[in-house]
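Okay, thanks everyone, I'll keep this short.

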Amino acid sequence: MGDLMTYEELLAEADSQNIITKEKPLRANDGRIKDKHIAIRVDMTETEKCCVMAEELGHYYTTIGNILDQSTVENRKQELKARLWAYKRLLPLDCFISAFRSGCNTLYEFADYLNVTEAFLQDAIKRYKQIYGTDWVRIDNYAIRFCPELTIMVVF
């Protein structure tokens, strides 16, 4: 099963791409990226910073141009693409299995174990529901389904 991504590892990844990351007292956003500069709001927890950093890296890898104006369909599509990149980076499907195997049952327990905020986890589950619908996804000896709610079971 995959390893959980940390804020420090995301910072190192950004550095490997020659992206300059600074923590700043941002007012309007938790994070911003412009060219090869990422700003992360300084007064957040490490977990919050990890989620925001993943999304900003998602923008770096998937977004073209300035998409701040979310009133256009194209910009909203690019925003969703960046967020999906972040969900896949921090919450690949096998991490749900790891959390389940570790005894996690509630959303809070899953978020805590996976080192993401509950809001990030809820948004990721919502997106995975859109992708997989009611289908079961098999991973090794487990099956995972996101709709109608997150369900994981052992299969043989």
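So, which residues of α6 are buried? They are Phe-120, Leu-121, Ala-124, Ile-125 and Tyr-128, where buried means under 20% relative accessible area and exposed over 50%, with partly exposed in between, using a 1.4 Å probe and protein chains only. Look down the axis of α6 and those buried residues fall within an arc of 135 degrees, so they line one face of the helix; the arc is taken from the directions from the helix axis to the C-beta atoms. On the face turned away from that buried side, α6 carries the exposed Lys-126 and Gln-130.

Quick caveats. This is a predicted model, where local features need pLDDT of at least 70 and side-chain atom pairs count only at pLDDT 80 or more, while totals for chains, interfaces and linings use all residues. Residues are numbered from 1 along each chain as its sequence is written, and side-chain values use heavy atoms, with hydrogens and water left out.

Confidence, then: pLDDT, the predictor's per-residue confidence from 0 to 100, averages 91 over the chain, and 93% of the residues score at least 70.

Back to α6, residues 118–132. Just after α6, Gly-133 takes a positive phi of about 55 degrees.

Now the neighbour. Helix α5, residues 107–114, packs against α6 at about 105 degrees, axes 9 Å apart. That makes the two roughly perpendicular, which covers 65 to 115 degrees. In contact, meaning heavy atoms within 4.5 Å, Leu-107, Tyr-108, Phe-110, Ala-111 and Leu-114 of α5 meet Glu-118, Leu-121, Gln-122 and Ile-125 of α6.

Conventions:
Helix = DSSP H or I, 4+ residues; strand = E, 2+ residues; numbered from the N terminus. Expected span 1.5 Å × (residues − 1). Axes fitted to C-alpha atoms, helices over the stretch in contact; angles between N-to-C directions. Parallel < 35°, antiparallel > 145°, perpendicular 65-115°, else oblique.
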